Amino acid sequence: PPELAFVSEVFHPMVDPQTGRVDLGGIFPEWRPGRDYAAFALPHLHRALLRREYFAGSARAPLNPEARRLFLEDPAAFADRAAACAAQ
């Protein structure tokens, strides 16, 4: 898949906290050049950031283990951290 990264901090299990890189492999396990295009990733990314099934039950290792742990064990703390990133 193509590389996709945030330029501002995003606290989410599918986003690497150091680089802002998004785990598109979790959304597109098989990228088909000529049939899949980077623009296809955006609506899927939107859903993936909002829906727990994209990252909570995934066998893939999260790019941000702390975000995944907080999301599963303390959703209020996760929401606070995510909101703090969004407010920056």
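**Stop 1: the largest pocket.** Start with the largest pocket, which holds about 200 Å³ of space. Select Val 10, Phe 11, His 12, Leu 49 and Ala 82; of the 15 lining residues, these are the closest to the pocket's centre. Keep in mind that you are viewing a predicted model.

Now colour the helices. Both α1 (38-50) and α3 (75-87) supply at least two residues each to the lining of this pocket. Which element gives the largest share of the lining? Helix α3 does, with four residues. Then colour the lining by residue type: ten residues are nonpolar, two are polar and three are charged.

Stop 2: Select Arg 81 and Glu 66. Their side chains meet in a salt bridge, 2.8 Å from N to O. This pair ties together distant parts of the chain: Arg 81 sits in helix α3, Glu 66 in helix α2 (residues 65-73), and 15 residues separate them.

Is Arg 81 buried or partly exposed? Arg 81 has 33% relative accessibility, so it counts as partly exposed. Glu 66, at 37%, is also classed as partly exposed.

Stop 3: Select Glu 73 and Arg 69. They form the salt bridge here, with their closest N and O atoms 3.6 Å apart. Both lie in helix α2, four residues apart, so about one helical turn separates them.

Check the surface again. Glu 73 is exposed, with a relative accessible area of 60%. Arg 69 is partly exposed, at 40%.

Key: Residues numbered from 1 in each chain as written. Predicted model: local features only at pLDDT ≥ 70, side-chain atom pairs only at ≥ 80, totals over all residues. Heavy atoms only, no water. 1 Å grid on protein atoms, 1.4 Å probe; cavity = no way out; pocket = protein on both sides within 12 Å on 5 of 7 lines; lining within 4 Å. Points joined across faces, edges and corners; volume = space filled by probe spheres on them. Nonpolar A, V, L, I, M, F, W, Y, C, P; charged D, E, K, R; others polar. Salt bridge = Lys/Arg side-chain N within 4 Å of Asp/Glu carboxyl O. Buried < 20%, exposed > 50% of the residue type's maximum accessible area, 1.4 Å probe, protein only.
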